[in-house]
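Dear colleague,

I am handing over the structure below, and would ask you to look through it alongside the notes that follow.

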Amino acid sequence: MKKLKTGIFSGSFNPIHIGHLALANYLCEFGEVDEVWFVVSPHNPLKKPADLWPDELRLRLVQLAIGDYPYFHASDFEFHLPRPSYTIHTLDCLKKAYPDREFHLIIGSDNWQRFGCWRESERIIAENQLLVYPRPGYPVNKDLLPTNVRIVKSPTFEISSTFIRYALAEGKDVRYFLHPAVYEELHRQK
């Protein structure tokens with residue numbers, strides 16, 4: 001039986017923005033994966049926890065952003081794992097919990113360039129499929145990639161959650177950088 005190709009888009013989503021959504025949409029619609037799970041990370045060991053909005057708010061914003069698009073799923077899977085959240089542990093637990101799926105880790109080329117800093121990065125590469133999407137300023141030499149690491153030729157977006165947070169803090173109207181439901185929820189939260 002063919003396994004469902006499930007893209008794991010793990011991140012802080014602090015907050016989720018249209019760049020995240022457009023990339024995931026591209027991956028589903030242009031044949032890279034059958035579905036994308038937005039795995040909201042409660043504590044990325046490479047980020048300061050104090051900079052994160054509350055877990056439940058970030059998960060709620062992802063749920064609002066993906067709406068009823070049938071190929072997206074908002075996941076709190078890492079909320080139930082030890083913290084900080086290490087990708088290797090998440091992937092191991094996902095494979096045990098969902099043996100009917102073939103997981104593909106989705107990361108940006110910026111993260112690929114520092115992938116050696118990730119816990120058990122060599123085992124992640126050896127045991128999993130990785131899809132690396134382009135980020136401006138972070139080129140990847142595809143000739144040097146391991147067999148199960150592929151470059152995705154998706155559109156690039158120069159939008160970051162950090163930019164969104166600062167803009168919101170300054171009272172800027174960034175509605176077109178966010179899904180309308182996310183913008184409304186953040187506006188309501190003020």
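In this predicted model, Leu57, Leu61, Leu64 and Ala65 of helix H2 meet Ala181, Val182, Glu185, Leu186 and Gln189 of helix H7. Sorted by class, the residues in this contact of H2 with H7 are seven nonpolar, one polar and one charged. The two helices, H2 spanning residues 55-66 and H7 spanning residues 180-189, pack at an angle of about 145°, and their axes are 8 Å apart.

The largest nonpolar core comprises 36 residues, and Phe9, Ile16, Val36 and Phe38 are those with the most contacts inside it. Among the elements that give two or more residues to this core are helix H1 (18-29), strand S2 (35-40), H2 and H7, and the largest share, seven residues, is that of H2. Another core, of 20 residues, lies apart from this one and includes Leu81, Trp112, Phe115 and Val132.

For Val36, once neighbours within four places in sequence are left aside, the residues in contact are Gly7, Phe9, Ala24, Cys28, Tyr71, Phe72, His73 and Ile106.

Trp53 is found in the loop between S2 and H2. With neighbours within four places in sequence again left aside, Trp53 is in contact with Asn14, Pro15, Arg58, Leu61, Arg165, Leu168 and Leu186, and of these Leu61 and Leu186 also take part in the contact of H2 with H7. The C-alpha atoms of Trp53 and Val33, which are 20 residues apart along the chain, are separated by 29 Å.

With kind regards

Notes
Residues numbered from 1 in each chain as written. Predicted model: local features only at pLDDT ≥ 70, side-chain atom pairs only at ≥ 80, totals over all residues. Heavy atoms only, no water. Axes fitted to C-alpha atoms, helices over the stretch in contact; angles between N-to-C directions. Helix = DSSP H or I, 4+ residues; strand = E, 2+ residues; numbered from the N terminus. Contact = heavy atoms within 4.5 Å. Nonpolar A, V, L, I, M, F, W, Y, C, P; charged D, E, K, R; others polar. Core = buried A, V, L, I, M, F, W, Y, C linked by side-chain atoms within 4.5 Å. Buried < 20%, exposed > 50% of the residue type's maximum accessible area, 1.4 Å probe, protein only.
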